[in-house]
Amino acid sequence: FFFFNDTATTEIYTEQIVGSVRCVQETGINAEYMGTQLKFLEYFYSLFNFSFSLELSTRPDNALGEKSIWDKAEAALAEALNDFGQEWKLNPGDGAFYGPKIDIQLKDAFGRKHQCATIQLDFVLPIRFNLQYRASEDQEQIEVEKVASQQHLQETQQIQQEQAQAEKQQEQKAEAHPHTHEQQDEQRSHKDSIHSHADSHKEKVSQTWEFQELPLKHGFQRPVIIHRAIAGSFERFMAVLTEETGGKWPFWLSPRQVMVCPISEKFLDYAEQVTSRLKLEGYEAELDKSNVTLNKKIRNAQLAQYNYILCVGEEEMKTQTVDVRDRDSKDRIGKKTISEFVQFLKTFEPAPSQFFENLRQKAFGNYQQQANENEQQAEMRHLNNDLLYNTYLAGDGLEKGERDDKIWEKYSSVEIDKVSYPNLFRWSLLMRKIKA
């Protein structure tokens, strides 16, 4: 199952995008809606080191909708682009018939431009689907609509009950006075002619039908739909990315990240251990079990565009290390333990977007601060136990020493809880008196 376009559709309030420019500026809606989309786009393309240009495509000749709404929407998009801070240009008359749009032109390795991403406003689909939202909290009007809705439901149920009762009476009458076969055939023929006439009438109506916008309910307004595609057509985007990288994919995106090359079969078990560890860490690692020379293995891995090549032999097996080589450099990076190499690879992982960081902050709070606090609490419990039978932390605990000074530098500004850490609290009072 393939997705050919990464289109996302969002519904927003009319005043959130087509309100006056002054209103947009005061409420910060540009940054929250259109500005957020542009920042996400910038983050996405920065992962691939792509540069792009922005164009505002405005009202075409075959545009649908009121010109005043188009003008306000175009002004809001222009304001969003200005707030974004990157240079952009106007593309008059190239908007979609249903709304203005921001087109993003991507440059490939040869300087050619491709339109991949787009952010479009749509005024037509909300009308076609009769989308409405309540714009005001008029409690009196809400109660009136609720009563009207209940009355309509009761009337519908009453009509259904009357129809069911009438059908039942007709069935009972038919059972009391059965018709002859000739009368039944005549009734069937009459019903068929009625149905045929109804079908022909429906066909005529469908041929002459024209769409009519349904009126808004009292207190309701139309939303506006945003169509957003960041990568656009994936085939086109991957073609541009392939040309840009020349097949040398960045490490975090590469399907061939690490190749492990043992010097000989004697070190195959250790090479398998290294490969398994890297796979457990989530990396695309493979093992070269061929009988060719080490130089040939390295050359094959370079031609296959593996980002890193690990050579292992007797010395690496004894020291539990790997000899690291880069795909694009003839020079060796050097020896690293497997843990050091894993940490080295983690530095190539793309930084999360600001939106993701904000989301994680909301979900888990300041996780780094919590981790530091938990580490500090564990150390304070350990120090409190050390001071259970000692006055000081250094030596035999009878006299202040170097360790006391180091710990005091760390905890002199920390408020130590007397109940949770009584021994450490007593030590802090003594150190404070000495330092004074």
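The following conversation works through a predicted model of one protein chain.

Student: What kind of model is this, and how are residues numbered?
Tutor: It is a predicted model in which local features need pLDDT of at least 70, side-chain atom pairs count only at pLDDT 80 or more, and totals for chains, interfaces and linings use all residues. Residues are numbered from 1 along each chain as its sequence is written, and side-chain values use heavy atoms, with hydrogens and water left out.

Student: What is the mean pLDDT of the chain?
Tutor: The mean is 78, and 77% of the residues reach 70 or more. Here pLDDT is the predictor's confidence in each residue, from 0 to 100.

Student: Where does pLDDT stay under 50?
Tutor: It does so over residues 1-31, for which the model has 73 contacts beyond four places in sequence; a contact means heavy atoms within 4.5 Å. Where pLDDT is low, the predicted coordinates should not be read in detail.

Student: How many helices and strands are there in the chain?
Tutor: The chain has 16 helices and 13 strands. Both are DSSP runs numbered from the N terminus, with helices (H or I) of at least four residues and strands (E) of at least two.

Student: In what order do the strands of the open sheet stand?
Tutor: The 5 strands run E10-E9-E11-E12-E13, with mixed pairing. Two strands pair if DSSP finds at least two bridges between them.

Student: Which strands stand at the edges?
Tutor: Strands E10 (285-287) and E13 (332-337) do; each has a single partner strand, so one side of each is left without a neighbour in the sheet. From one strand to the next, the twist averages 25 degrees.

Student: What packs on the sheet?
Tutor: Helix H12 (residues 338-346) does, touching strands E9 (258-262), E11, E12 and E13. The direction of H12 makes about 120 degrees with that of E13. For such angles, axes are lines fitted to C-alpha atoms, for helices over the stretch in contact, and angles run from 0 to 180 degrees between N-to-C directions.

Student: Are the faces of E11 covered or open, and which residues lie on each?
Tutor: Both faces are covered: Tyr 308, Leu 310 and Val 312 are buried on one side, and Ile 309 and Cys 311 on the other. Buried means under 20% relative accessible area, exposed over 50%, and partly exposed in between (1.4 Å probe, protein chains only).

Student: Changing topic, how many residues does helix H4 have?
Tutor: H4 (residues 67-84) has 18 residues and reaches 26 Å from its first C-alpha to its last, close to the 26 Å expected at 1.5 Å a residue. The expected span is 1.5 Å times one less than the number of residues. Its buried residues include Trp 70, Leu 77 and Phe 84. After H4 comes Gly 85, whose phi is positive, near 95 degrees.

Student: And Gln 105, is it buried or exposed?
Tutor: Gln 105 is buried, with a relative accessible area of 13%. Gln 105 is found in strand E4 (residues 101-107). Beyond its neighbours within four places in sequence, the contacts of Gln 105 include Ser 51, Phe 52 and His 114.
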